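Please look over the protein model shown below. The report that follows goes through selected residues, helix contacts and aromatic rings in turn.

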Amino acid sequence: RKPELIDQLEAYYQAVFAPTGPSAAEFPPRDRALVALRVASFTGSGTVVAWYRDLALQHGADESVIAQVASGGDPETGSIALDAALIHTDLLTQHPVDATADDLAALKAAGLTPGAILALSQTVAFVSYQLRLVAGFRAIGELG
């Protein structure tokens with residue numbers, strides 16, 4: 001009923017998960033999809049989990065890494081930067097009030113650039129918002 005909102009959300013989704021130029025190089029679409037999968041995994045929303053699992057596969061993520069990320073356990077992806085991003089994702093999704101400047105410093109120490117940290121934050125924020133929309137639509141009976 002709100003086509004402008006739908007268009008804006010689609011544009012935001014494309015900017016986050018199909019980035020171009022330096023943004024794609026700083027925080028690759030594969031890593032963004034894995035972060036999104038991690039956020040979705042904490043909610044138990046099977047549809048959203050499946051969506052981001054498939055997206056991670058499309059961007060070349062290994063099945064074992066996908067399973068490990070989705071499990072919610074300690075990140076061990078083989079990438080120091082991605083592991084740090086997933087630890088930060090856990091913090092932002094489970095205990096955001098506990099986030100401090102030291103947590104940003106840990107991301108930088110793991111090799112994430114300011115642009116990558118921004119992309120990480122945008123990914124977590126978008127998927128969190130998306131999950132709230134899904135929950136709201138389910139609550140009013142718009143989704144199964």
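## A buried serine in a loop

Ser 45 is buried, with a relative accessible area of 8%, where buried stands for under 20% relative accessible area, exposed for over 50% and partly exposed for what lies in between, computed with a 1.4 Å probe and protein chains only. Ser 45 sits in the loop between α3 (29–41) and α4 (46–58); helices here are DSSP runs of H or I with at least four residues, numbered from the N terminus. Once its neighbours within four places in sequence are set aside, Ser 45 is in contact with Ala 40, Leu 131, Val 134 and Arg 138, contact being defined as heavy atoms within 4.5 Å.

The model is predicted, so local features need a pLDDT of at least 70 and side-chain atom pairs count only at pLDDT 80 or more, whereas totals for chains, interfaces and linings use all residues. Residues are numbered from 1 along each chain as its sequence is written, and side-chain values use heavy atoms, with hydrogens and water left out.

## Helices α3 and α8

Two packed helices are described by the angle between their axes and by the distance between those axes. For α3 and α8 the angle is about 40° and the axes are 9 Å apart, the axes being lines fitted to C-alpha atoms over the stretch in contact and the angles running from 0 to 180 degrees between N-to-C directions. That makes α3 oblique to α8, since angles under 35 degrees count as roughly parallel, over 145 as roughly antiparallel, 65 to 115 as roughly perpendicular and the rest as oblique. The crossing of α3 past α8 is right-handed, a term used if the near helix is turned clockwise from the far one by less than a right angle, and left-handed if anticlockwise.

On the α3 side, Arg 32, Val 35, Ala 36, Val 39 and Ala 40 meet Ala 119, Leu 120, Thr 123, Val 124, Val 127, Ser 128 and Leu 131 of α8. Sorted by class, this contact of α3 with α8 has 9 nonpolar, 2 polar and 1 charged residues, where Ala, Val, Leu, Ile, Met, Phe, Trp, Tyr, Cys and Pro count as nonpolar, Asp, Glu, Lys and Arg as charged, and the others, Gly among them, as polar.

Apart from neighbours within four places in sequence, Arg 30 is in contact with His 59, Gly 60, Ala 61 and Leu 82. The C-alpha atoms of Arg 30 and Ala 61 are separated by 6.2 Å, although these residues are 31 residues apart along the chain.

Ala 25 belongs to helix α2 (residues 21–26) and counts as exposed, at 66% relative accessibility. The C-alpha atom of Ala 25 is separated by 8.7 Å from that of Ala 116, which is 91 residues away along the chain.

## Helices α6 and α7

Helix α6 (residues 80–94) packs with helix α7 (residues 101–109) at an angle of about 160°, with their axes 9 Å apart. The two helices are therefore roughly antiparallel to each other, and the crossing of α6 and α7 is left-handed. Ala 84, Ala 85, His 88 and Leu 91 of α6 make the contact with Asp 103, Leu 104 and Leu 107 of α7; by class, the contact of α6 with α7 has 5 nonpolar, 1 polar and 1 charged residues.

His 88, which lies in helix α6, counts as buried at 7% relative accessibility. Leaving out neighbours within four places in sequence, His 88 is in contact with Asp 103, Leu 104, Leu 107 and Leu 120.

## Aromatic rings

A search of the whole structure finds 6 aromatic pairs; rings of Phe, Tyr and Trp (its six-membered ring) pair if their centres lie within 6.5 Å, and planes under 30 degrees apart count as stacked, over 60 as edge-to-face and the rest as tilted. Tyr 12 and Phe 126 form an edge-to-face pair, at 5.0 Å centre to centre and with 65° between the planes. This pair links distant parts of the chain, as Tyr 12 is in helix α1 (residues 3–17) and Phe 126 in helix α8 (residues 114–139), 114 residues apart. Tyr 12 is partly exposed, with a relative accessible area of 33%, whereas Phe 126 is buried, at 5%.

The rings of Phe 17 and Phe 126 have centres 6.2 Å apart and planes at 70°, so this pair is edge-to-face. Phe 17 lies in helix α1 and Phe 126 in helix α8, so the pair ties together parts that are 109 residues apart in sequence. Phe 17 is buried, with a relative accessible area of 3%. Ring pairs link Tyr 12, Tyr 13, Phe 17, Trp 51, Tyr 52 and Phe 126 into a cluster.
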